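Subject: Structure handover

Hello,

Here is the structure for you to look through. My notes follow below it.

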Amino acid sequence: MEDGKKGLDIFGLIKSVLFTDFVKGLVITLGYNVSRSITLRYPDTEKWIPYRRWRGMHTLNKDANGRELCVACELCSRACPTQCITVIPMEDATGRGIADRVAKVWKVDLVRCLFCGFCEDACPTTAVRLGREYELACHDLSCTVKEREGLLKPQPVPESFEGGVVVGARFVRTPGGISVVADLSKSRKRAL
Amino acid sequence: MPTLDLILEVILLTVKVAVLTQIIFALPMPLTWLERKIAGHIQVRLGPWRVGPHGILQPFADAIKLLFKEDIVPDKADKILFKIAPLIAMVPAFAVFAAIPLGDTFKIPVIGAEVKLYLSDMNVGALYILAIGGLSVYGMILGGWASNSKYALLGGLRCSAQMISYEIAVSFAVIGVVMLSNSLNLLEIVKSQGGSFLSWNFLYLPVGPVWFAIFLIGSVAEINRIPFDLSEDEGTLSSGYHTEYSGMRFSFFMLAEYVAMVTVSILSVIFFFGGWNAPFAFLSFIPPIAWFMGKVCFFIYFFMWVRFTLPRYRYDQLMKIGWKILIPLSLVNILITGLMLI
Amino acid sequence: MFEQFFFYIFATVAIVSAICVISVRNPVHSAVFLIVCLLQVAAIFVLLRSPFLAAAQVFIYVGAVMVLFLFAVMVLDMGKAHWKEHLHGQSAPAAVLAGILFILLGYMALKGRMTAPLGTYNEAALVKNTEVVGRALFTKYIFPFEVVSVILLLALVGAIALVMREKRP
């Protein structure tokens, strides 16, 4: 319409009479309509497992003999920009840790934590690691502080698992809360 | 003195009206589900999923929610008009079905009795549908005015201006169909398109497709669907004429809108696509009602498909399309149709 | 018998709503009552075996004219002061004219000048109601029909001329 002075645009006229642009749009949307949905069916049947670089909930590692790697040097709590990590060391020669010095208390306040990973970098024995657990929501404040005992348990996704895939999952309701249990044997690439 | 036949006929008619009304009342429920599902899939999502398998029970959840919602009447609203406006919108949408045939006759397999698939064989059917269908707009105008809210009033005004502009073009399209089929009676219009698909009004070249385009565009504008839903433009008017409505009264407006969409789908099929006639003579072993339903379903899908394909027009564009394109085009088309029929 | 019953219903509602049109304060309510009145008249047309006229009445008056009325009434938002201003000096001649019209109509109705020949159409013709109306318009009443269309055309041109003049700077 704006460049009408250049003379009649025959092709444009024919195109608008035949609604070609409209039909093109319809074809595109029909294509999407019959295409497979990219929706991740979380939490019902699927779950996203992040890459290894993901910084989720803390985990405390052990060595091959089952001894704690943490030597309670308190570097992590010093490095922490939000002071959310509390470490109280103690002497213990029973072989619980790799050294005589182990943590009596090692707790992290996840509400204050900003998952920067400084504790991970500061740790001289690679004891603390940010894992791939990301379902941290809960019903009350009691679960926001994670203690050493809980953090020492291995997380559901092992370090050896590559990640970056969608795996099968099961939605579990228990009186204690809800969780999505991943089944690492079935995995597929993300659609988009 | 009423005879037995008359009484039987009245009973049959009452039953038919009751059944049809129930069907139309229930129809928006699957349609809302379908619309959301189609919206989801076109946007590569899933749509309703959690209530029942594939979210099929979602409309029931919605209905329960709407029933239990508080029916809010704004303090400064015109109370009476505010309360009856949704009914004014809904009643014509249902009343239109008095003249809409869903088929010729249907033989019930076991008893062998023939049932007419229409309520009345009105000889001014096409005109009646246009006249009554146009009344729905009062619900929207009065609802918008009675809400005593800027957005609702603007929505109502847009609705009335849009309706006046496009009613003319739609009426011209219906006049074109009446000229081609030589009757105002919908049954006659369908009968005149019998045989194969070549005798459908849509394929009465060159004017048939033009009439269809005018009818379709005008109807979409009249039933306030995207791309012409300027009267409930949520971007600028929050939600237009039903901004202040909640609960059941809001759902009456929605009901009217969905029933109007079904009506327009049925009319497109009757006027342009041969109604319940099979497209090929050798396919006529499939019952006519199946053909009819199939075609109507296609159009319902088409309207939803268009909704998620096109963006909304601007209001001046809407008026321009109505007055500067559709009406002159339909006047010229009436002339051509007349010349072709001589 | 049935028809009379329905006629009285429609006629009563029509008259009551017509009185309401001129007696209610709110212009939008007036318009709504006018819609009701016109719908009743359409129903009476159906009783008179002329569905075409009934449908045309609903289509044109209720469907189109009244929408415009409502549109105008809503946009203008006339207060009472405006009403006074519009009516000054015109009420007396208007009343006289209305009285004359009323007397004239009553006279013609009483003298039997306003009756149409009833019963000249058989059942077959009544079914083809639209055709009968069309034929009558284009043969017997072609002259009044043309006059009406010319008047409408003039009104159209006049309206456009008025709008154009206002737009000119």
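Start with a sheet in chain A: three strands, open, in the order S3-S4-S6, with antiparallel pairing. Strands here are DSSP runs (E, at least two residues) and helices are too (H or I, at least four residues), numbered from the N terminus. Two strands pair if DSSP finds at least two bridges between them. The edges of this sheet are S3 (85-91) and S6 (145-146) of chain A, each pairing on one side only. S3(A) and S4 of chain A (residues 101-109) run antiparallel and are joined by seven bridges. One to check on screen: A:Val87 has A:Trp106 in S4(A) as its bridge partner.

Before going on, the ground rules. This is a predicted model, where local features need pLDDT of at least 70 and side-chain atom pairs count only at pLDDT 80 or more, while totals for chains, interfaces and linings use all residues. Residues are numbered from 1 along each chain as its sequence is written, and chains are lettered from A and ligands numbered from 1 in the order in which they are written.

Chain A as a whole. It has five helices and eight strands. From the N terminus, the order is α-α-β-β-α-β-β-α-β-β-α-β-β. Chain A is more spread out than a compact globule, because its radius of gyration is 27 Å, well over the 16 Å that the globule rule gives for 192 residues. That radius is taken over C-alpha atoms, and the rule is 2.2 Å times the number of residues to the power 0.38. The C-alpha trace of chain A spans about 95 × 40 × 35 Å along its principal axes. Of its 192 residues, 17% count as buried (20 or more other C-beta atoms within 10 Å of the residue's own, with C-beta atoms placed from the backbone).

Now the chain pairs. A contact means C-beta atoms, placed from the backbone, within 7 Å. Two pairs of chains are in contact, and chains B and C share the most contacts. There, 21 residues of chain C meet 23 residues of chain B. On the chain C side, the elements giving two or more residues are H2 (27-47), H3 (51-76) and H7 (129-138). H3(C) gives the largest share, 15 residues. By class, that side has 18 nonpolar, three polar and no charged residues. Nonpolar covers Ala, Val, Leu, Ile, Met, Phe, Trp, Tyr, Cys and Pro; charged covers Asp, Glu, Lys and Arg; the others, Gly among them, are polar. Chains A and C have no contact, and their closest C-alpha atoms lie 24 Å apart.

Best wishes

Definitions and conventions. Buried ≥ 20, exposed ≤ 12 C-beta atoms within 10 Å, placed from the backbone.
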